[in-house]
Amino acid sequence: MHLKERKKFTVKIVILRKFIDVSNMAKKCEQCGVEFEISEEENKFRERLFPVIAGQKYVLPEPVECRDCRRQKRFAFRNERGMTMAKCAVTGKSVISVFPLDSPFPIYSPEIWYSDKWNPLDYGLDFDFSRPFFEQFKELQSKVPHISNILVRTENCDFCNTVGDCRNCYLIYGSVNCEDCQYGNPYDSKNCIDSLVVRNSQFCYECVDSEKLYECFFCQNCNNSRNLWFCFDVENCDDCFLCVGLRHKKNCILNKQYSREEYDEKVSELKKKDYEELLTMLQNFKKTVPVKTVLGIANENVIGDGVNNSKNCKNIFYSQNCEDGMYASQLLKTNNFMDCDFGENGDFLYEISGFYADNGSYFSHWCFECNNIFYCSMCGGNTSDCFGCVSLLHKQYCILNKQYSREEYEKLVPKIIEHMTRTGEWGKFFPMNMSPFPYDKSVANDCFPLNPTESGKIDKPFRMTNSEIEFYKKYNLHFPVLHPDERYKMRINLRNPMKFFDRKCDKCGLMMKTTYLPEYAGKVYCEKCYLKEIY
Ligand SMILES: [Zn+2]
Ligand SMILES: [Zn+2]
């Protein structure tokens, strides 16, 4: 439903105001104890997302957990890379599974899960008003079969997870519209290996948060360029090596201009060096060159980092083509959202971890093509108006996987919201311990490691695929010496944290918001000073 239509509902805001804390005082996070504030702007924004059920608008209460804790919970419900071999509980066929083998629920291969060989409504529960909702949901979740790994319209992508419209890919995660890609999170890309959010690119290797690259290697935050090696924040450039912050250049090394011949000669020497050494050279060089406070292009009224072509967003990261949102990361073409991570084509989303083409989705994870759903997990295929459901496809008016009539549904859901307001559950994402994934396999472990000191290198042996070897040979790349997991960790660690720090521009002294840590030793410039320096 669009905002305009939503505004037609002038009905009074129902639900027990006395249970809802409307103060703007600093609050103590229920999970970590840190004090945090909720701004007036945030409250106003949340109000526009209040869901409408049967003509009544429902309050989304102020969060009782700080932003980090809220994100940590959502990240704990996302496992991109931790996969094991399992057996489909129906066919016995070997499948790759994102769930551990000792999961309480049966694991189904995508082929069975999507079929009519089973009925998720067979597991339905009556709502019990004498018990908390989460407890009942957990009971349901532990019985309903889960899809081993989410594949939506894919071909030859059996070892991928959470991908849609992809062909011939291997170990890629959260990707859409890719072909012949391996390891990482490419989008709309072909022949990319080891990527972390690389979009519209081809023949790239070890690139991070970049777009429209062709034959680029070890690049971060680069755009619209060709044949870059070990570059950071380089745009519209060709044939550059170890460069930072360049625009419209060719044949540069360490930001210095060379002739074509000199460039080729020097680069062929440099390429002999160990890649880890070159990466260190890039990081050291970066500290001698001013960097932009946050990265992003073609934004309007956006406070974010790694955000492009977006409008009216605050506190968002690594996202594109988004409008009207707050506190989010890794979104594509999404509007009207708050506290959301990982997804494409969404509208009116609140507290979501992982979505695809959802419209009106609240407190849910891993749902696709759903409308007006609440507290659902892994539902899809035009499921709408459901509450607390697991693994549903093409269903409407279900609660805890039990089918109701529209009238019954519209009568029961308000009662459940009221009940959950009393139990303190309404307005919160699922508790972390209800995640079907072990914490150390979840994305949460990358950003909020429970044992940050345990950072020994992964030493497991690993294999290379034939096409991978071909790729390395084609571009004369050294074969990787690190395990794919270790390579992934290195890419993740290249990113700044997903939070803002106050810092003075190292040129003009203006106070600004940046994702560079206060202890970052290089020069960080405000956007204005940076543009003067660059162009
Ligand atoms: Zn907290
Ligand atoms: Zn400045």
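Q: What makes the radius of gyration of the protein chain agree with that of a compact globule?
A: The globule rule is 2.2 Å times the number of residues to the power 0.38, and the radius is taken over C-alpha atoms. For 535 residues a compact globule would have a value near 24 Å, and the protein chain has 24 Å, so the two agree. Along its principal axes, the C-alpha trace spans about 75 × 60 × 40 Å.

Q: How do you know what this rests on, and how are residues numbered?
A: This is a predicted model, where local features need pLDDT of at least 70, side-chain atom pairs count only at pLDDT 80 or more, and totals for chains, interfaces and linings use all residues. Residues are numbered from 1 along each chain as its sequence is written, while chains are lettered from A and ligands numbered from 1 in the order in which they are written.

Q: What makes a residue count as buried, and how many of the 535 do?
A: Buried means that 20 or more other C-beta atoms, placed from the backbone, lie within 10 Å of the residue's own. By that cut-off, 45% of the 535 residues are buried.

Q: Why are β21 and β31 said to stand at the edges of their sheet?
A: Strands are DSSP runs of E with at least two residues, and two of them pair if DSSP finds at least two bridges between them. The open sheet has 10 strands, in the order β21-β23-β24-β25-β26-β27-β28-β29-β30-β31. β21 (300–305) and β31 (402–403) each have a single partner strand, so one side of each is left without a neighbour in the sheet.

Q: How do you know that β29 and β30 pair?
A: Three bridges join β29 (residues 383–387) to β30 (residues 396–399), against a requirement of at least two. These strands run parallel, and S384 stands opposite Q396 in β30.

Terms used
A residue is buried if 20 or more other C-beta atoms lie within 10 Å of its own, exposed if 12 or fewer, and partly exposed in between; C-beta atoms are placed from the backbone. Helices (H or I, at least four residues) and strands (E, at least two) are DSSP runs, numbered from the N terminus.
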